Amino acid sequence: MADKDGNQLEKDYHLDIRPPKQNFHVKGAEHADWGMKDRLSRIFNPATGKTVMLAFDHGYIMGSTAGLERLDLVVPKLAPEVDVFMATRGAIRTCVPPTFNKGLALRCSAGSSVLDDDMSHEVIGVNIEDAIRMNASCMAVQTFIGAPGEKSSIENLCKAIDAGNRYGIPTLGVVAVGKQMERTTKFFLLATRMLAEFGAHIVKTYYCDDFEKVVAACPVPIVVAGGKKVPEDEALEMAYKAMVEGAAGVDMGRNIFQAEDPLAMCKAIGKVVHENYNSKLAYQFYRDVKNKIK
Ligand code: 5RP
């Protein structure tokens with residue numbers, strides 16, 4: 001036990017120095033609790049406020065996917081270039097060393113496969129204890145606004161948010177699009193705002209016309225999805241436009257791991273997201289890295 005007598009009671013309150021202005025770098029999270037902010041800071045780089053997420057959760061719906069046949073070979077190599085891995089617990093536990101020590105967006109919804117015509121019916125496939133055990137930085141739950149499974153997917157999202165809030169784990173609400181589903185600005189305005197109002201701390205959605213309106217109307221950060229593989233310059237252009245119009249980062253899968261050089265693509269996306277490279281410069285950078293000039 002410390003001595004009771006003779007202790008120095010004061011040293012220096014630094015009364016001439018103001019406390020730092022509290023401006024947390026993640027939109028809508030100013031009033032969140034410490035643990036929540038700690039996890040959000042693993043997702044959004046505190047220096048730039050932005051994130052590069054690599055999505056490789058495709059197997060939970062599609063099985064083995066082009067470019068992801070060997071998770072153990074493909075994924076760890078990309079780790080140095082990303083802020084966050086978005087994946088299932090099965091992929092993470094088996095193919096990613098725990099020394100990865102970066103953000104983890106744990107895919108927590110599941111329930112249908114590409115064999116199903118209507119893929120909008122999911123359940124919560126991971127309980128909160130396992131998300132804690134895996135030290136998830138956030139839980140990713142998909143919602144199907146406007147599809148037959150809309151109501152149950154909203155219920156899944158709300159349950160994950162409630163469970164996560166109990167333990168300071170943010171929830172990433174994923175706006176799904178499907179064969180019969182709209183991809184209009186009106187739809188994305190509706191879906192992103194709904195997810196944020198349910199309490200999602202981050203929303204993942206697709207780039208669209210008037211994207212800045214979608215960003216402005218959503219009170220939490222938006223990360224933009226990649227979608228089907230397109231040529232590398234087009235993917236970089238989409239990422240660039242999304243960032244200029246207010247996205248807080250990208251969450252890309254196929255446009256990275258199906259690129260001719262996934263590592264170079266990851267690095268180039270990082271330049272767009274964190275260093276404000278325009279798409280032309282980023283594409284040049286991609287080609288230089290691919291050709292080993294840099
Ligand atoms: C949809 C997702 C997936 O992670 C996403 O589809 C994968 O990324 P990409 O479309 O860029 O390949 O969020 O549930």
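Predicted model: local features only at pLDDT ≥ 70, side-chain atom pairs only at ≥ 80, totals over all residues.
Residues are numbered from 1 along each chain as its sequence is written, and side-chain values use heavy atoms, with hydrogens and water left out.

Let's start with the fold. You'll find 12 helices and 10 strands in the protein chain, taken as DSSP runs numbered from the N terminus (helices are H or I, at least four residues; strands are E, at least two). Of its 294 residues, 50% are buried, meaning under 20% relative accessible area with a 1.4 Å probe, protein chains only.

Now, the inside. The largest nonpolar core holds 78 residues, and F56, F85 and I269 have the most contacts inside it. By nonpolar core I mean buried Ala, Val, Leu, Ile, Met, Phe, Trp, Tyr and Cys residues joined through side-chain atoms within 4.5 Å. Helix α11, residues 262-275, gives the most to this core, with 7 residues.

On to the ligand. It is surrounded by 13 residues, and the closest are D57, H58, Q142, K204 and R254; the cut-off is a heavy atom within 4 Å. Which distances separate polar side-chain atoms of R107 and K204 from a ligand oxygen? For R107 the distance is 2.9 Å, and for K204 it is 2.8 Å. D57 also places a side-chain N or O atom 2.6 Å from a ligand oxygen. These are polar contacts, pairs of N or O atoms within 3.5 Å.

Definitions and conventions. Polar contact = N/O pair within 3.5 Å; in protein donor to acceptor, adjacent residues only side chain to side chain.
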